[in-house]
Amino acid sequence: MIARLWRGRAADTVNADAYVRHFAGSVATELKDLAGHRGAWLLRRKVDGGTEFIALTLWESRQAIEAFTGPDISKSVVEPRARAVLQSFDDFASHYDVAFRS
């Protein structure tokens with residue numbers, strides 16, 4: 001299993017709440033329908049007056065991730081609705097082999 005991590009930041013609570021709604025209503029819904037997708041979490045914390053997010057998704061294989069990202073799995077996928085409410089975000093995602101799961 002592969003964990004995919006991506007980071008974004010919203011400047012204020014209104015935009016942070018909008019991003020959570022977008023992630024839950026659009027991103028997670030689309031991911032759920034992809035073969036090989038094994039779950040999604042959106043982590044949120046207050047940092048320096050803004051809100052930082054880490055999106056963590058789990059995948060069966062690199063090929064499953066490619067169904068979401070295209071051939072370059074290191075590139076982030078940030079839809080226009082997300083871009084509109086995020087102050088900044090990584091243009092890449094990091095991937096880790098899941099070494100242990102309980």
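1. The bend at a residue is the angle between axes fitted to the seven residues ending there and the seven starting there; by this criterion helix 1 bends by about 35° at Phe23, helices being DSSP runs of H or I with at least four residues and strands runs of E with at least two, numbered from the N terminus.

2. The model is predicted, so local features need pLDDT of at least 70 and side-chain atom pairs pLDDT 80 or more, whereas totals for chains, interfaces and linings use all residues. Residues are numbered from 1 along each chain as its sequence is written, and side-chain values use heavy atoms, without hydrogens or water.

3. Helix 1 covers residues 13–32, and its end C-alpha atoms are 27 Å apart, which agrees with the 28 Å that its 20 residues should span at 1.5 Å a residue (the expected span being 1.5 Å times one less than the number of residues).

4. Five aromatic pairs are found in the whole structure, a pair being Phe, Tyr or Trp rings (six-membered for Trp) with centres within 6.5 Å, stacked if the planes are under 30 degrees apart, edge-to-face if over 60 and tilted otherwise. The rings of Trp6 and Tyr19, with centres 6.2 Å apart and planes at 40°, are therefore tilted.
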